[in-house]
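Look at the model shown here. Follow the chain from end to end, then read on.

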Amino acid sequence: MTVFRFRLQQVLDLREKQERHLATQLAAALHAEQIARDALESLRAERDAGAEGARQGPSRSVGELTNTAFILQQLDGQITDANDTVSAANNSVSEVKEAFTAAFKDRLILDLLR
């Protein structure tokens, strides 16, 4: 009785381990991207509420309007930074997704050879 021994089993095991590691990285990257998107949406909502509050309500003094304009300008800067963060997170997700897809294909080929 001959027992089949897959000579590339160690390679297959390494590929499976790499695939699991990349799956974990992909989940973390997707989570980071979602956090960045949530932060961006929160800043946009705060900005919109501040702008709406400046338009609504009774007449305001020049000092209050200047202060509101400064706050809105600061929020605009934070929104720009948050957009950059979302873009970087999106790029990270794309890179990890490509690596995960490649690792999956590599493992699948070895699995089919077995």
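Gln 78 sits in helix H2. Helices here are DSSP runs of H or I with at least four residues, strands are runs of E with at least two, and both are numbered from the N terminus. This is a predicted model, where local features need pLDDT of at least 70, side-chain atom pairs count only at pLDDT 80 or more, and totals for chains, interfaces and linings use all residues. Residues are numbered from 1 along each chain as its sequence is written, and side-chain values use heavy atoms, leaving out hydrogens and water.

Gln 78 counts as partly exposed because its relative accessibility is 41%. Buried means under 20% relative accessible area, exposed means over 50%, and partly exposed lies in between (1.4 Å probe, protein chains only). Leu 72 is also placed in helix H2. Leu 72 has 13% relative accessibility, so it counts as buried.

Each of these two residues can be paired with a residue elsewhere in the chain.

| Pair | Separation along the chain | C-alpha to C-alpha distance |
|---|---|---|
| Gln 78 and Arg 47 | 31 residues | 9.9 Å |
| Leu 72 and Ala 49 | 23 residues | 10.0 Å |

What does Leu 72 touch, not counting residues up to four places away in sequence? The list is Arg 47, Gly 50 and Ala 51. A contact means heavy atoms within 4.5 Å.

Now take helix H2 as a whole. Helix H2 covers residues 62-113, which is 52 residues. From first C-alpha to last, H2 reaches 76 Å, close to the 76 Å expected at 1.5 Å a residue. That expected span is 1.5 Å times one less than the number of residues. The buried residues of H2 include Leu 72, Leu 75, Ile 79, Ala 82 and Val 86. Thr 68 and Arg 107 are also among them. Helix H1 (9-55) is part of what covers the buried residues of H2.

Last comes the whole chain. Its secondary structure comes to two helices and zero strands. The C-alpha atoms fill a box of roughly 95 × 20 × 15 Å along the principal axes. The radius of gyration is 25 Å, whereas a compact globule of 114 residues would have one near 13 Å. This radius is taken over C-alpha atoms, and the globule rule is 2.2 Å times the number of residues to the power 0.38. Of the 114 residues, 20% count as buried. Among contacts with a separation of 6 or more, 89% join residues 24 or more positions apart.
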